[in-house]
Amino acid sequence: MIEVNGAQLAYDEAGSGNPVVLVHAGIADRRMWRGQVDALAARHRVIAVDLRGYGDSELPPAPFAHHDDLVGLLDALGIDRAALVGCSFGGRVAVDTALAYPERVSALALFGAPVSGNEWSEETEQLWEELVGDVDPEDFAATAAGEVRFWVVGPTRKPADVDPELIRFAEEMDRRALAAEQALSAVEVGELDPPAVDRLAELAMPVLVGAGADDLADIRRLADRIAAEAPRGVRLPDVPDAGHLLPLERPEPVNAALLDFLP
């Protein structure tokens with residue numbers, strides 16, 4: 001645990017070398033990086049953090065912004081600049097951090113990442129209705145099952161096509177994340193202004209972008225756009241047989257790409 005902007009944040013740390021911060025998806029927590037920490041720690045100082053309110057991190061009732069917390073974490077750990085690796089919502093937070101504090105971010109690696117200010121297509125909204133439908137938001141188990149069906153399994157696979165242990169672990173993480181999001185709804189969470197969606201050309205650092213081949217079409221199109229508009233953007237080929245939690249589901253190609261990319 002470490003104090004950041006008045007909150008105790010939980011993190012894991014391993015290795016030494018150029019620092020890398022791993023930022024989890026909104027349906028997960030820092031445990032989703034279990035396939036990356038040791039692989040990256042052979043060359044890097046690796047920090048996997050629980051965002052405020054998620055996992056084991058606290059949620060004081062004061063206003064805050066996730067991107068301010070990431071830089072506060074760097075300050076607390078004595079790190080001038082770090083590479084940020086984000087999946088899903090963690091990628092969104094990483095991009096916001098790179099835009100708000102460009103001098104603190106040496107590189108960005110994004111997997112299945114939306115960006116602030118992006119709007120989902122009607123196709124995605126319809127998919128949500130088809131795959132999840134109306135679920136009681138107070139029923140975390142049912143909601144987590146629906147969200148994992150939507151995100152982790154994805155629109156092009158059936159649950160039977162996916163490792164049942166991955167589904168079980170993803171649902172367990174998402175139940176905790178849903179409780180976090182319910183608590184976060186009562187706190188003022190600051191947003192990047194203006195948002196990132198029309199500012200991708202400002203990302204001057206190296207940017208690596210990837211997605212699972214079975215992730216949403218919106219996510220894969222966003223990956224194309226980020227890589228095209230970031231001046232030093234690189235688009236990885238979509239990873240076959242992988243959904244939204246790409247680093248968790250297919251750690252080997254993700255680790256290989258990161259070790260080749262990270263400074």
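Which strands does helix 3 (residues 89–100) lie across? Helix 3 lies across strand 4, strand 6 and strand 7 (105–111), and runs at about 155 degrees to strand 7.

## Basis of the description

This is a predicted model, in which local features need pLDDT of at least 70 and side-chain atom pairs count only at pLDDT 80 or more, while totals for chains, interfaces and linings use all residues. Residues are numbered from 1 along each chain as its sequence is written, and side-chain values use heavy atoms, with hydrogens and water left out.

Helices (H or I, at least four residues) and strands (E, at least two) are DSSP runs, numbered from the N terminus. Angles run from 0 to 180 degrees between N-to-C directions, and axes are lines fitted to C-alpha atoms, for helices over the stretch in contact.

Seen by strand order, 3-5-4-6-7-8-9, the open sheet has 7 strands with mixed pairing; two strands pair if DSSP finds at least two bridges between them. Strand 3 (11–14) and strand 9 (233–235) are the edge strands, each pairing on one side only. From one strand to the next, the twist averages 15 degrees.

## Strand 4 and its surroundings

Strand 4 (residues 18–23) runs parallel to strand 6 (residues 82–87), to which 4 bridges join it. Val-23 stands opposite Gly-86 in strand 6. Helix 2 (residues 66–76) packs on the sheet, where it touches strand 4, strand 5 (44–49) and strand 6, and its direction makes about 145 degrees with that of strand 4.

Strand 4 also pairs with strand 5 in the parallel sense, over 6 bridges, and Val-21 stands opposite Ile-47 in strand 5. Because 5 of the 6 residues of strand 4 are buried, this strand is largely enclosed by the rest of the structure; buried means under 20% relative accessible area, exposed over 50% and partly exposed in between (1.4 Å probe, protein chains only).

## Helix 4 and helix 5

Helix 4 (residues 122–131) and helix 5 (residues 140–153) pack with their axes 10 Å apart, at an angle of about 130 degrees. The contact (heavy atoms within 4.5 Å) involves Thr-124, Leu-127, Trp-128 and Leu-131 of helix 4, and Glu-147, Arg-149, Phe-150 and Trp-151 of helix 5.

## Thr-124

Thr-124 lies in helix 4 and counts as buried at 6% relative accessibility. Leaving aside neighbours within four places in sequence, Thr-124 is in contact with Phe-150, Leu-216 and Asp-218.
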